[in-house]
Amino acid sequence: MTKLLHRRQILLGAGGLAATTVAGLGVRQLASPEGAEPWLRFGDTLGRKVQRAFLAHRPLAPEYRLDQMSAKFPTNGGFGASYIEPDPAFDKMASNGFLDYRLQVEGLVKRPASFSLRELRSMPQRTQITMHCCDMGWSAIGQWTGVPLGWLLQHVGLMDNARYIFFFAMDRYIGFPVNYHTSIDLLDAFHPQTILAYGMNGDVLPREYGAPLRLRTELQVGYKNAKHLARIVAVDSLSRFGKGHGGFAEDFGYQWYAGM
Amino acid sequence: MNEKFQHSAETLSLPETDGGDTGRAPSAGITIYRHPWPVRLFHWVNVCCFIILLMSGLQIFNAYPRLHVGQIGYYDTPAVFEIASNRDVANPRSWIAIDGREVLDTTGILGEVRDEGIFGIQTIAFPPWAILPQKAMDLHDGRGWHFLTLYFFAANLFAYLIYGIASGRFRRTLVPDRDQLRASSIARDLWMHLRLKHATGAEAERYNLLQKTSYILVLFLLLPSMVLTGMTMSPSFVAAFPWLIDMFAGRQTARLIHFISASLLVGFVVIHIFQLFVAGFLNEMRSILTGWFRVPEKRK
C-alpha cells in the first residue's frame, strides 16, 4: 500500500510537472515567440522520428486514376504569384522553350554535372498521379512526369558523407535576398516517387506549376515540392545554407520534416 | 452498487445500499476515493493538450478557412462550410456560408478583412485571441504547436483507453446499469438535468446515464476521431496506412470531420465546465485533483 502510494505520488508529480511545463510553454509562447522555437524544433524532430517509424516498410503514396484528377490544379508560390519577384531572365528563358536551361548537380557528388531539359527527358522516367497536400489545408490531384531523383543521384554518384539534398529554385519572394530552397534527406531522395518533374497532366510543366523542372516528394506537404529548380546540391549537414534549418520556409519556422 | 467507486477504508463497513433512488443513501456526507491516479493524470494532460491543439488548430484552419467533402478541395471547388468575407478593407463584411449560402453574418466577430501587403487581402477567420500563436497568419508556428502536442495527446489517450479497458474501470463506471436504462429512470434523469439538479447520496456515487453516454462518446468516438482524421490529412501517415483515406472517404472529408469533432468537443467542454458549477465546484475540483469526492447529502 505504501509502495503503491509512493509510486502514485511520483507519477502524479511527474504528470503535474509535465502539464505545468506544457501550460507554461504556451504562456511563454504568448510572451515571446523566440522562447518557444527550440520546443517547436523538438516537435519537428519528434514528428519525423514517429512518422519515419511508421514508414519503415518504405510504402508508396497512394496513386490515383486519370478521372480523379483536379480540373484546375491550384497554385501557391512560384512565378506568377503576387509575392514572387518577376524575373526578366526567367521570362526570356521561358519564351525560348527553356532551350538554354541547365540543371546544376553539385556538392558532395563524384561527377558534378549540368543537364539540359532534353538530357533529363532522355533519362528513365516515371509518371504518377498523386494528391498534392498543401500545408494550408487544401488538396488536389495531378499527374507528374519526371526523372526519379534516386536514379539521377546514382548517375552522378553520391559521396559517402552526403546526407541531404538541397534544391535551389529560380524564384524569390519579394524583399528577400535568397531564392526559394528546401531540402530532403536520402530516405526521401531515393523514394521511388520522388521525381524531378518536367511534365504535368500529360503536357510540359507550365510556368505557374514550376517550369521547367520541379521536385515532387509525395510523402511531404506542399512547401517541400520546390518549383523552378536551378540547382541541386548534396551536403553532409543542413547547416550548410541559410540559418541552418534546411530551407527558406524552414528558416522561417516551417517544419523541416513536413509529413503532415 | 457501491463497488462503482472504490471506498475509503473507513466507509467500507457501511451497509450496502441499492442506490437506485436519488437521495436515499446512508453514504451521503462521506468521502469516497472516486478518481484513481490514471484518471486524474489523463484528465489534466488532456486539458493542457486540448487547449494547445484547439487554439493552434484554429490558427491552421485560418490558413484555409474552407471545408470540403471528398478527396480534393481548393479555392475553385465548392465548400460545404466557409468563413468568407467581401475582401473589402474599407467596408468589411464577413459571414459563415454553408453549401455556398450565407447563413450567419459574422462581421466584427469572425473573418476580419486585412491587407497583408504582398500576400494580398486576407480573411482572418478566427480572431487572434482564439488562436495560437496569438497573431494572425502564423501558420508555421501554429503547425509547430499542433504537431508538437498531438503526440502527447494521442499517447495520453491511447494509454488511458488501454488502462480503462484493462482495469475494468470503463465497464464498472461507464457501461449503463440495467436500472438506468428503464424509461422511468431515463425520464427522471432528463428531468433532473433540465432543472439543473445534481444527484445526491448513493446515486451520486455513480455516473448518471447522460454522463455515461457523453463520456463514452467523447472517449470512444470524438477523441479517437481527432487522431484518425488528423492522420488522414498527413501524406506520410496516409502512405503508411492507406485505408485511412477510404475510412473517411477522402482527405477533405477527414478535415471536415476533424473540425466537426473538435466543435463537438468544445461543446462537451462547455457543458462539462457548466456542470462543474451545478454539481459543486470545490468538491468536483477536489475529486479530479486528489481523487477524493464527498458524496452530496440529500437536499432538505
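In chain B, contacts between residues at least 6 apart in sequence include 62% that join residues at least 24 apart. Two residues are in contact if their C-beta atoms, placed from the backbone, lie within 7 Å. This is a predicted model: local features need pLDDT of at least 70, side-chain atom pairs count only at pLDDT 80 or more, and totals for chains, interfaces and linings use all residues. Residues are numbered from 1 along each chain as its sequence is written, while chains are lettered from A and ligands numbered from 1 in the order in which they are written.

**Chain B overall**

Chain B holds nine helices and eight strands. Helices (H or I, at least four residues) and strands (E, at least two) are DSSP runs, numbered from the N terminus. Along the principal axes, the C-alpha atoms of chain B fill a box of roughly 75 × 45 × 35 Å. Of the 300 residues in chain B, 36% are buried. A residue is buried if 20 or more other C-beta atoms lie within 10 Å of its own, exposed if 12 or fewer, and partly exposed in between; these C-beta atoms are placed from the backbone.

**A helix pair in chain B**

Two packed helices are described by the angle between their axes and the distance between the axes. Helix H2 (residues 139-166) of chain B packs against helix H5 (residues 209-232) of chain B at about 145°, with axes 11 Å apart. Axes are lines fitted to C-alpha atoms, for helices over the stretch in contact, and angles run from 0 to 180 degrees between N-to-C directions. H2(B) brings Leu150(B), Ala154(B), Leu157(B) and Leu161(B) to the contact, and H5(B) brings Leu219(B), Leu223(B), Val227(B) and Gly230(B). Seven of these residues are nonpolar, one is polar and none is charged.

Pro224(B) also lies in helix H5 of chain B. Is Pro224(B) buried or partly exposed? Pro224(B) is partly exposed, because 16 other C-beta atoms lie within 10 Å.

**A sheet in chain B**

Four strands of chain B form an open sheet in the order S2-S3-S4-S5, with antiparallel pairing. Two strands pair if DSSP finds at least two bridges between them. The edge strands, S2 (66-67) and S5 (101-105) of chain B, each pair on one side only. S2(B) and strand S3 (residues 81-85) of chain B share two bridges. Arg66(B) has Glu82(B) in S3(B) as its bridge partner.

**Where the chains meet**

Chain A puts 51 residues in contact with 43 residues of chain B. H1(A) gives the most to the chain A side, with 11 residues. That side divides into 33 nonpolar, 14 polar and four charged residues.

Notes. Ala, Val, Leu, Ile, Met, Phe, Trp, Tyr, Cys and Pro count as nonpolar, Asp, Glu, Lys and Arg as charged, and the others, Gly among them, as polar.
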